Amino acid sequence: MSKPVCVVTGVGPGTGLALARRFAAGGYEVAMMARSAEALATFARNTPGTHPVPADVADPASVTSAVARIRREIGAPAVLVHNAGNAVF
């Protein structure tokens, strides 16, 4: 039996990465989505069980492509954590 798949959007050095790490530690294969391919690659190298999937959640075509890739390469998502956002403080 393969591991369940979790998708976390908005993965950066804070909450998104903490969520990805927690799900990976809990036995999931985690697809990490964010705009920065370079940052995602670094996070994935340092976090077993995670996979970088660059995508812009504000762009429907980007999300469609990313989800197709996740399904093809990792498996059908069982959990989606939408953490992406944009704020000005």
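Trainee: What covers the buried residues of α1?

Mentor: The cover includes β1, β2, α2 and β3 (50–54). Those labels are DSSP runs, helices (H or I, at least four residues) and strands (E, at least two), numbered from the N terminus. Keep in mind that this is a predicted model: local features need pLDDT of at least 70, side-chain atom pairs count only at pLDDT 80 or more, and totals for chains, interfaces and linings use all residues. Residues are numbered from 1 along each chain as its sequence is written, and side-chain values use heavy atoms, leaving out hydrogens and water.

Trainee: Which residues of α1 are buried?

Mentor: Gly-16, Leu-17, Ala-20 and Ala-24. Buried is under 20% relative accessible area, exposed is over 50%, and partly exposed is in between (1.4 Å probe, protein chains only).

Trainee: How do you know that they line one face of the helix?

Mentor: Looking down the axis of α1, they fall within an arc of 95°, so one face it is. That arc is taken from the directions from the helix axis to the C-beta atoms. On the other side, Thr-15, Arg-22 and Ala-25 are exposed.

Trainee: Why is Ala-37 called partly exposed?

Mentor: Ala-37, in helix α2, has 40% relative accessibility, so it counts as partly exposed.

Trainee: Which residues does Phe-43 touch?

Mentor: Skipping residues up to four places away in sequence, Phe-43 touches Val-11, Gly-12, Pro-13, Leu-17, Met-32 and Thr-50. Touching is contact, meaning heavy atoms within 4.5 Å.
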